[in-house]
Amino acid sequence: QVRLVESGGGLVQPGGSLRLSCVSSGSVFSTFTVGWYRQAPGKQRELVAALAPGGTANYADSLKGRFTISRDNAKNTVYLQMNSLTPEDTGGYYCNAKVPSGFGPREYWGQGTQVAVSS
């Protein structure tokens, strides 16, 4: 069982920045594919960014250049740096981990952290 705990959300003005963090339990965090998803009010959850164990990052096309995903395996933590935020970035942000297992990857979710972009 893997537990993911997000932090770093809050209220920010348009044009501002936030850094989200997600701490994972589990002793082999370095083998996880980790990612961030978001869900705006009334919309489906969508991928923001994902980061494979080898370091390959994948971003939603609309967010390239503004958002950066990174990880610190020594701290079992994945980060999402968000810059030049707009009201359209408002929503719940959820940490995701895909954990290798003998039966295929198991997927885990955090409870989410809320981001509100407003003046």
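Trainee: Is Val78 buried or exposed?

Mentor: Val78 counts as buried, because its relative accessibility is 0%. Buried means under 20% relative accessible area, exposed over 50%, and partly exposed in between, with a 1.4 Å probe and protein chains only. Keep in mind that this is a predicted model: local features need pLDDT of at least 70, side-chain atom pairs count only at pLDDT 80 or more, and totals for chains, interfaces and linings use all residues. Residues are numbered from 1 along each chain as its sequence is written, and side-chain values use heavy atoms, with hydrogens and water left out.

Trainee: Ok, and where does Val78 lie?

Mentor: In strand 8, which covers residues 77-82. Strands (E, at least two residues) and helices (H or I, at least four) are DSSP runs, numbered from the N terminus.

Trainee: What does Val78 touch?

Mentor: Leaving out residues up to four places away in sequence, its contacts include Leu20, Ser21, Cys22, Phe29, Trp36 and Cys95. Contact means heavy atoms within 4.5 Å. For Cys95, which is 17 residues from Val78 along the chain, the C-alpha atoms of the two are separated by 8.4 Å.

Trainee: Ser21 is on that list. Which strand is Ser21 in?

Mentor: Strand 3, residues 18-24. Ser21 counts as buried at 16% relative accessibility. Besides Val78, Ser21 touches Val5, Glu6, Ser7, Trp36, Thr77 and Tyr79, again not counting residues up to four places away in sequence.

Trainee: Switching to rings: how many aromatic pairs does the structure hold?

Mentor: It holds 2. In Phe29 and Phe32 the ring centres are 5.7 Å apart and the planes are at 70°, so that pair is edge-to-face. Both of these Phe residues are buried. As for cut-offs, rings of Phe, Tyr and Trp (its six-membered ring) pair if their centres lie within 6.5 Å; planes under 30 degrees apart count as stacked, over 60 as edge-to-face and the rest as tilted.

Trainee: And what about Tyr37 and Trp109?

Mentor: Edge-to-face too, because the planes are at 65°, with the centres 4.9 Å apart. Tyr37 sits in strand 4 (residues 33-39) and Trp109 in strand 10 (residues 106-109), so the pair ties together parts 72 residues apart in sequence. Tyr37 is buried at 18% relative accessible area, while Trp109 is partly exposed at 34%.

Trainee: Zooming out, how many helices and strands does the chain have?

Mentor: The protein chain comes to 0 helices and 11 strands. Its radius of gyration is 14 Å, close to the 14 Å from the globule rule for 119 residues, so it is as compact as a globular protein of that length. That radius is taken over C-alpha atoms, and the rule is 2.2 Å times the number of residues to the power 0.38.

Trainee: What share of the residues is buried?

Mentor: 41% of the 119 residues.
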